[in-house]
Amino acid sequence: MSENQVDVVVVGGGGAGLAAAVSAAEQGASVLLFEAERELGGSTQLSAGMLTAAGTSVQAGLGVEDSAGKFFQHYQDLNQWLLKPGLVRAFCEHAGPSVEWLLGLGVEIPAKVSHDAHTPGLTRAGVEDVWRGHVPKDQGYGLVQVLDRARRRLGAEAVLNTRVERLLVDDGRVTGVVADGIDVRAGAVVVTTGGFAQDPALRARYYPDAEAAGEDLFVVAAPGSRGDHFGFGEQVGASVAGEGWGLLLPTAYFQRLHHWQSGFPPLSRVLVNSHGRRFMDEDASYAVSSGIITAQDGPVWTVFDERARAGLPAGYAHWDAAHVLAEADAGRTLRADTLEELAGKMGVPAAALRATVDRWNTQLPAGGDDPEFLRHRTLAAKGVTGPPEPIGQPPFHAARTLPAELVCTHAGLEIDAGAAVLDERGDRVPGLFAAGEAGAGVLGPRYVGGGNAVANAITMGRIAGRAASGTGRAASETASGTAGAALETGRAASGTASGT
């Protein structure tokens with residue numbers, strides 16, 4: 001084997017790439033990982049690190065009975081069965097074992113209840129009836145560190161600050177990559193370059209819903225999310241799946257950072273539509289909340305009072321008492337001394353807004369239930385024990401709210417249950433695998449809940465790495481055998497010539 005040939009090349013060093021590299025190396029493959037940025041981690045490192053999975057030891061430790069079959073049913077139902085059942089079934093069956101694999105590598109996920117995405121343990125990840133959100137210690141950063149230690153221990157080499165230019169393709173088979181102008185031969189290539197959230201042209205083409213947010217749009221995906229997988233796919237006629245799908249989180253217009261930096265809206269608030277009516281549970285999972293907001297026929301507003309504004313905790317960039325006050329002083333967040341005046345500024349029926357707030361005040365703040373939207377159940381799952389304050393202290397505020405935080409994109413190279421890339425006929429592209437956002441088909445029109453993307457990255461990355469290892473080692477052995485045979489033939493010919 002030449003110094004420029006390995007069994008497996010992995011393109012992209014986020015969660016999927018690291019999982020693929022470690023998994024391939026565990027199988028005995030020689031692995032070379034390329035990362036375009038100056039450090040490993042990608043979007044996984046920027047995330048909470050939560051993984052959604054079923055049938056794990058963490059769940060069992062809390063007495064939670066779950067299975068891959070139940071997970072699969074929920075996953076498909078939420079996505080209206082628009083995803084390939086075989087691929088999704090494979091993901092659901094391997095997500096639990098992938099969590100166990102991470103635990104074995106040193107990731108810490110204690111068997112205790114967590115009420116949010118940042119406290120290690122098991123939490124409610126979406127709208128499932130069984131809790132499946134596995135929150136690791138030290139968030140996504142900790143997850144990446146554990147995977148990277150495993151990579152180094154297994155001898156999988158990483159080359160940073162190097163963007164792969166293109167694939168090497170011989171007779172329809174992917175045989176390596178070109179990086180920094182150098183051909184690197186490989187028995188198999190795994191594409192794990194992330195999504196395309198950072199590329200405006202690709203967003204407009206493959207996820208136009210993000211562009212609908214206009215100037216309010218902000219991206220929290222890693223800088224390397226530039227859609228390199230599409231270029232690789234074009235080289236081999238790969239099929240693209242997942243067009244029009246992605247994850248936009250609901251935010252106030254003034255947010256520009258992920259919520260753990262921007263902060264959280266006040267507990268005492270109602271979301272109202274253009275009719276002045278409340279239309280959803282304000283704390284519903286983003287698995288469904290963005291879709292509910294988008295379904296309204298006009299602008300949506302978060303309405304709260306002065307007590308709620310003044311009570312916002314300090315230290316956050318946007319949902320901070322002083323920042324909201326500044327937005328109101330500038331006229332961007334609406335403010336009025338009465339609900340009727342606020343309704344006029346919002347352009348909603350005053351009587352409806354008054355009725356909405358009065359009705360809400362007599363329910364949750366009074367210590368009762370929320371009979372229409374069941375928010376009391378969501379608050380209980382979040383660990384909120386006391387009732388929220390009523391909305392009644394003027395001045396009243398309204399902040400325009402919409403899905404505008406772009407977390408991940410779902411369009412990419414179509415893959416099968418073995419993470420092999422498919423061409424436009426549905427056949428496997430020999431030697432090419434993909435995972436994470438670059439490998440499409442697991443993340444669908446509805447994000448299943450917190451941890452969906454990270455679980456997809458780790459699970460399908462692990463599947464891709466193991467499959468690529470088998471393919472890559474076989475191809476490398478064939479290449480070595482061919483080279484050896486050629487060498488022996490050359491030696492024989494040389495000996496014959498000498499004898500002659």
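**The second largest pocket and its surroundings**

A: S12, helix H11 (289-294) and S16 each supply at least two residues of the lining of the second largest pocket. Helices (H or I, at least four residues) and strands (E, at least two) are DSSP runs, numbered from the N terminus. On a 1 Å grid over the protein atoms alone, a pocket is an open set of points where a 1.4 Å probe fits, with protein on both sides within 12 Å along at least five of seven lines, whereas in a cavity the probe cannot get out; lining residues have an atom within 4 Å of a point.

Q: What kind of model is this, and how are residues numbered?
A: This is a predicted model, in which local features need pLDDT of at least 70 and side-chain atom pairs count only at pLDDT 80 or more, while totals for chains, interfaces and linings use all residues. Residues are numbered from 1 along each chain as its sequence is written, and side-chain values use heavy atoms, with hydrogens and water left out.

Q: Which element gives the most to the lining of the second largest pocket?
A: Helix H11 does, with 5 residues.

Q: How many residues line the second largest pocket, and which lie nearest its centre?
A: The lining has 28 residues, and Asp209, Leu248, Ser290, Thr294 and Pro403 lie nearest the centre. By class, 16 are nonpolar, 9 polar and 3 charged. Here Ala, Val, Leu, Ile, Met, Phe, Trp, Tyr, Cys and Pro count as nonpolar, Asp, Glu, Lys and Arg as charged, and the others, Gly among them, as polar.

Q: What is the volume of the second largest pocket?
A: The volume is about 520 Å³. A volume is the space filled by probe spheres set on the grid points, which are joined across faces, edges and corners.

Q: Which strand does S12 pair with?
A: S12 pairs with strand S16 (residues 396-409) in the antiparallel sense, over 7 bridges. Two strands pair if DSSP finds at least two bridges between them. Gly246 of this pair has Thr409 in S16 as its bridge partner.

Q: What else pairs with S16?
A: S14 pairs with S16 in the antiparallel sense over 6 bridges. There, the bridge partner of Trp301 is Arg400 in S16. S14 also pairs with strand S13 (residues 270-272), again antiparallel, over 3 bridges, and Leu271 has Thr302 in S14 as its partner.

Q: Which way do the residues of S14 point?
A: Val300, Thr302 and Phe304 point one way, and Trp301, Val303 and Asp305 point the other way; all are buried. Since 6 of the 6 residues of S14 (residues 300-305) are buried, the strand is largely enclosed by the rest of the structure.

Q: Changing topic, how many disulfides are there?
A: The search of the whole structure finds 0 disulfides, a disulfide being a pair of cysteine sulfur atoms within 2.5 Å. Cys92 is in no disulfide, and the nearest cysteine sulfur, that of Cys408, is 16 Å away. That distance is too far for a bond.

Q: Are those two cysteines buried or exposed?
A: Cys92 counts as buried at 1% relative accessibility, and Cys408 is buried with a relative accessible area of 3%.

Q: What about helix H6: what is its reach?
A: H6 (residues 139-154) has 16 residues and reaches 23 Å from its first C-alpha to its last, close to the 22 Å expected at 1.5 Å a residue. The expected span is 1.5 Å times one less than the number of residues. The buried residues of H6 include Leu143, Val146, Leu147 and Ala150. Gly155 follows the helix, and its phi is positive, near 80°.

Q: Lastly, where is Ala457 placed?
A: Ala457 lies in helix H17 (residues 452-499), and at 7% relative accessibility it counts as buried. The C-alpha atoms of Ala457 and Glu437 are separated by 7.2 Å, although these residues are 20 residues apart along the chain.

Technical notes: Buried means under 20% relative accessible area, exposed over 50%, partly exposed in between (1.4 Å probe, protein chains only).
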